[in-house]
Structures are given as C-alpha cells and as structure tokens.
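Please look at the sequence and the structure below, and then follow the questions and answers one at a time. Each answer sets a value against a definition before it concludes.

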Amino acid sequence: MNNNKNKIGSLNIEWAKMWQEGILDAWSHLYIQKYGSITEAWNHKAPEYVKTMEHSNRTQLLEKLGQHRPETVLDVGAGAGIFALPLAKTKSVKRVVAVEPSTGMLDILKDKAEADKLTNIDCINKKWEDTTEEELIELNKGKYDLIISSHALYYITDLHNSFKKINDVCRGYAYLLIGAAANTKDSVYEKYYERIYRKPKPPYPDYTCLYMVLRELDIHPNIEMLDAHTKKYVNSVEEIVESWKDNLDGELTEDQRSAIRAYLTESGMIKEEEGGLYWVWRSKDALIHWKVEE
Ligand SMILES: C[S@@+](CC[C@H](N)C(=O)[O-])C[C@H]1O[C@@H](n2cnc3c(N)ncnc32)[C@H](O)[C@@H]1O
C-alpha cells in the first residue's frame with residue numbers, strides 16, 4: 001500500500017488536521033487542561049463510563065463482527081472491554097489483544113476477564129501511536145483476522161500512520177466506529193452551549209474526515225450509519241447537573257446550573273420508567289469498514 005499521503009482529486013484539504021484540531025476544540029483540550037492528559041482523563045472517567053455503557057446499544061455491532069468468524073482480534077482503544085470481552089467468549093475466537101493506554105480502563109477489563117475466567121485476552125497498556133507492528137504481530141503470532149476500534153479515534157493522533165498500522169497488521173476486516181451526526185437535540189444544545197461553556201460552540205469535525213484520510217492511503221472503505229443510544233440512570237436531575245462539572249474546568253456557577261437544567265428540560269432527554277429516572281442520548285454512529293487487500 002502507498003505510504004504517502006495522496007491528495008484526493010483537486011481538494012487541498014488537510015483532513016487529518018481538520019479532524020484532530022476540531023476534536024481538540026470541541027472537548028479534548030478541556031480533558032487535557034483539567035486532568036493533565038487524555039489518558040488521565042480516562043483513568044478518572046472509567047467507572048462512570050462503564051456504568052453508562054451498560055445501558056447502551058453499542059454491542060449491536062458484535063453480530064456483524066462475529067459473522068467473519070475471526071480467530072484473532074485486535075481492539076484498539078479497548079476501554080474496559082465492551083468488545084474485547086464478549087469477543088473473547090465467542091466460539092471462533094482464540095485470542096484477543098486489547099490496546100488501551102488508560103490503566104483505569106484496563107484494570108476494569110482485567111477484573112472482568114478474571115471474573116469470567118477468560119485466559120485468551122492480552123493487554124497492551126499503550127497508546128495506539130506508541131505500539132509497533134512488530135510487537136503486535138509477535139504477540140499474536142501473525143496478523144489479525146479482525147480489528148475493531150470503537151469510539152477511540154477522537155484521541156488517536158498521527159492518523160495516517162495510525163490507519164496504516166491498522167491496515168498493515170490486519171489480514172481480514174477492519175472496523176472503525178465513531179460518533180457521527182450530533183443527536184437530534186443539537187439545536188437545543190447549541191442554544192445553551194455558550195452559557196454552559198462560556199464560549200461559542202466550536203464547529204464539530206465531520207466523521208468523513210476519517211474516510212478521507214483512509215482514501216489518502218488508497219483504502220476504499222464502506223460507511224454505514226447506525227442508530228446509537230445510551231441511558232444514564234440517576235436519582236435526580238440535580239445529579240446530572242452536578243456531574244456536568246466533569247466536563248468543565250472549575251465549579252459551576254448558578255447561571256451554568258440553570259442553563260444545564262433548561263437544556264435538559266427543553267431537550268426532553270430526561271425520562272422516567274417504573275419509578276426510575278434516566279437521561280437518554282440518541283445519536284448516529286458511523287461504521288467505517290473495509291476488507292484488507294493483501
Ligand atoms: C470513549 S472510550 C471507548 C472505549 C471502548 N472502545 C468503547 O467502545 O466503549 C475511548 C477510549 O480510547 C482510549 N484512548 C485514548 N487515546 C488513545 C490512543 N492514543 N490510543 C488508543 N486508545 C486511546 C481511552 O483511554 C478510552 O479508553
């Protein structure tokens with residue numbers, strides 16, 4: 001495969017830069033400012049994230065992945081193992097390698113693997129950018145049948161080399177899952193963003209930037225849109241308001257609190273079911289996937 005960045009047609013656009021800078025602007029600079037690094041941010045966020053994901057439909061993708069009957073799987077940015085763990089239990093799968101820089105996430109993954117008596121998961125506690133093709137292939141004793149990277153590409157940098165490495169260590173299918181269209185309540189969110197974050201809402205980079213980076217590498221992926229949803233159970237609306245602090249630097253002012261409350265009410269995202277209160281997000285995920293040409 002061509003290692004060089006080929007410009008697509010006459011478009012003189014830095015797709016990788018547009019994606020990376022857009023994500024930084026949208027939220028990840030705040031993670032770095034508040035926690036020191038993205039990895040530290042995920043160490044902090046891991047337990048809450050895992051709880052929220054228990055009520056999501058993210059694993060709808062498992063059926064599609066299982067159809068390839070992979071024997072070896074690589075999960076890039078595996079988090080606490082939402083894919084790595086069920087894949088390791090899948091009949092055809094002999095080995096799963098999970099690459100994950102956050103020890104907070106990996107500790108949860110390892111505890112769950114131990115509780116389920118899984119012995120076919122190997123973990124690499126590194127950023128994807130810091131792994132080498134040699135170590136990935138050596139650990140697996142060959143290339144991987146299936147590679148999945150779910151909701152990690154917001155943070156992975158050096159996209160051309162990162163994608164090239166995914167392609168190079170794969171002998172089967174590569175799947176990248178990423179948030180796409182903002183949820184339908186976005187216009188309501190936009191209205192309150194400036195009061196909550198004290199700056200205008202930055203333009204969000206489109207997932208097609210990732211597609212274009214792959215095209216620059218001579219890869220021709222498919223894209224599918226998936227409906228995504230997740231619920232967060234809470235005891236009160238105030239609990240959600242309070243938890244928003246996690247995505248802000250410093251304490252919430254009274255005006256920020258009232259903007260969050262107004263947003264939650266107007267967006268209709270707070271629901272009640274059998275006496276339990278929850279906050280529901282509905283959005284679209286883009287599934288970018290291709291069969292590796294050998
Ligand atoms: C939103 S979570 C997604 C976790 C899981 N894949 C899922 O679908 O729920 C993002 C994960 O990407 C990891 N991550 C951040 N930077 C990374 C990097 N440079 N390389 C690999 N993973 C990274 C984070 O530590 C975190 O666990």
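Q: Where is Lys201 found?
A: In this model, which is predicted, Lys201 is found in the loop between helix H8 (186-197) and helix H9 (208-216).

Q: What makes Lys201 partly exposed?
A: A residue is buried if 20 or more other C-beta atoms lie within 10 Å of its own, exposed if 12 or fewer, and partly exposed in between. Lys201 has 16 other C-beta atoms within 10 Å, and therefore Lys201 is partly exposed.

Q: Which residues does Lys201 touch, not counting residues up to four places away in sequence?
A: With those residues left out, Lys201 touches Glu190, Tyr193 and Glu194. As for Tyr189, its C-alpha lies 9.3 Å from that of Lys201, and the two residues are 12 apart in sequence.

Q: What is the phi of Asp158, and where does Asp158 lie?
A: The phi of Asp158 is near 50°, a positive value in a residue other than glycine, and Asp158 lies in the loop between E4 and H7.

Q: Why is Asp158 called partly exposed?
A: Asp158 has 14 C-beta neighbours inside 10 Å, a value between the limits of 12 and 20, so it counts as partly exposed.

Q: How do you know that Lys165 counts as partly exposed?
A: Lys165, which lies in helix H7 (residues 159-168), has 19 C-beta neighbours inside 10 Å. In space, Lys165 and Trp128 are 9.1 Å apart, C-alpha to C-alpha, although 37 residues separate them in sequence.

Q: What makes H1 and H2 roughly perpendicular to each other?
A: The axes of H1 and H2 come within 8 Å and cross at roughly 80°. Angles of 65 to 115 degrees count as roughly perpendicular, and therefore H1 and H2 are roughly perpendicular to each other.

Q: Which residues of H1 and H2 meet?
A: Ser28, Tyr31, Ile32 and Tyr35 in H1 meet Ile38, Glu40, Ala41 and His44 in H2. Sorted by class, this contact of H1 with H2 has 5 nonpolar, 2 polar and 1 charged residues.

Q: Why is H2 called oblique to H5?
A: H2 and helix H5 (residues 103-115) pack at an angle of about 40°, and their axes are 7 Å apart. That angle makes H2 oblique to H5, because angles under 35 degrees count as roughly parallel and roughly perpendicular begins at 65. On the H2 side Trp42, Asn43, His44, Ala46 and Val50 meet Thr103, Gly104, Met105 and Ile108 in H5. The contact of H2 with H5 has 5 nonpolar, 4 polar and no charged residues.

Q: How do you know that strand E2 (residues 95-99) is largely enclosed by the rest of the structure?
A: In E2, 5 of the 5 residues are buried, so the strand is largely enclosed by the rest of the structure. Arg95, Val97 and Val99 point one way from E2, while Val96 and Ala98 point the other way, and all are buried.

Q: How do strand E1 (residues 72-76) and E2 pair?
A: E1 and E2 pair in the parallel sense over 5 bridges, and the bridge partner of Asp75 in E2 is Ala98.

Q: Which residues come nearest to the ligand?
A: Of the 23 residues around the ligand, Gly77, Gly79, Lys127, Ser150 and Tyr155 come nearest. The shell divides into 13 nonpolar, 6 polar and 4 charged residues, and its largest share, 4 residues, comes from helix H2 (residues 38-53).

Notes
Residues numbered from 1 in each chain as written. Predicted model: local features only at pLDDT ≥ 70, side-chain atom pairs only at ≥ 80, totals over all residues. Near = placed C-beta within 6 Å. Helix = DSSP H or I, 4+ residues; strand = E, 2+ residues; numbered from the N terminus. Nonpolar A, V, L, I, M, F, W, Y, C, P; charged D, E, K, R; others polar. Axes fitted to C-alpha atoms, helices over the stretch in contact; angles between N-to-C directions. Parallel < 35°, antiparallel > 145°, perpendicular 65-115°, else oblique. Contact = placed C-beta atoms within 7 Å. Pairing = 2+ DSSP bridges.
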